[in-house]
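The exercises below are to be worked with the sequence and the model side by side. Each task is followed by a solution in steps.

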Amino acid sequence: MSCRSPFCRKNAKYLQFSRILPIFAHEMCVKSPEKKTKMGNIFLEYQNQKIKEVVLYILSKAGDTGYFRLMKTMFCADRQNLLRWGDQITNLDYYARKHGPVPTSVHDGLLSVYQGAPSEFSDILTVKGNFMMVHPTREPNLEYLSETDKESIDRAISELKGKNRDRDRKSVV
């Protein structure tokens, strides 16, 4: 019987999670199935918090940023990290939209904050104005970000610095 846990080293996705998960995850989930679901919840909580910290780190380095610029910076940072180190920072799925790639979970969360609905981002930022300017409400917790994560985000910010919306579309595609 094979293990269905995404944390299992026998699973093809294991390489994606190898930086932060214990090596013996497979042995733990085979011995007791309840630990498998507990580890899955812990990992999802960690990933969600890391995404929030990435957003806050981008906003702390780039200043108050527009909604589209934030999305493009996240994409460029993930791309930089993937090219240099073989792994994304956020493990988000990006979808092609009219103005460039968009991580849908962050997109939906920011739209909810903008519309005043509860969201996982409600406690860490506000979105205001016609241009959907994103403002952080606290500083990022840097314990969630590795040095390579910060380096990739800084490169992405400098890559997009000084470019207007039309030039952003050309550079990201």
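**Exercise 1.** What percentage of the 173 residues in the protein chain is buried?

*Solution.* The model is a predicted one, in which local features need pLDDT of at least 70 and side-chain atom pairs count only at pLDDT 80 or more, whereas totals for chains, interfaces and linings use all residues. Residues are numbered from 1 along each chain as its sequence is written, and side-chain values use heavy atoms, with hydrogens and water left out. Taking buried to mean under 20% relative accessible area (1.4 Å probe, protein chains only), one finds that 42% of the 173 residues are buried.

**Exercise 2.** Describe the largest nonpolar core and the surroundings of Ile 153.

*Solution.* A nonpolar core is a set of buried Ala, Val, Leu, Ile, Met, Phe, Trp, Tyr and Cys residues joined through side-chain atoms within 4.5 Å. The largest has 32 residues, and among those with the most contacts inside it are Leu 70, Val 106 and Ile 153. Ile 153 touches Val 54, Tyr 57, Ile 58, Ala 77 and Ile 89 (contact: heavy atoms within 4.5 Å), not counting residues up to four places away in sequence.

**Exercise 3.** How do helix 4 and helix 5 meet?

*Solution.* Helices are DSSP runs (H or I, at least four residues), numbered from the N terminus. Tyr 67, Leu 70, Met 71 and Met 74 in helix 4 face Val 106, His 107, Leu 110 and Leu 111 in helix 5 across the contact. By class, this contact has seven nonpolar, one polar and no charged residues, where Ala, Val, Leu, Ile, Met, Phe, Trp, Tyr, Cys and Pro count as nonpolar, Asp, Glu, Lys and Arg as charged, and the others, Gly among them, as polar.

Technical notes:
Buried means under 20% relative accessible area, exposed over 50%, partly exposed in between (1.4 Å probe, protein chains only). Helices (H or I, at least four residues) and strands (E, at least two) are DSSP runs, numbered from the N terminus.
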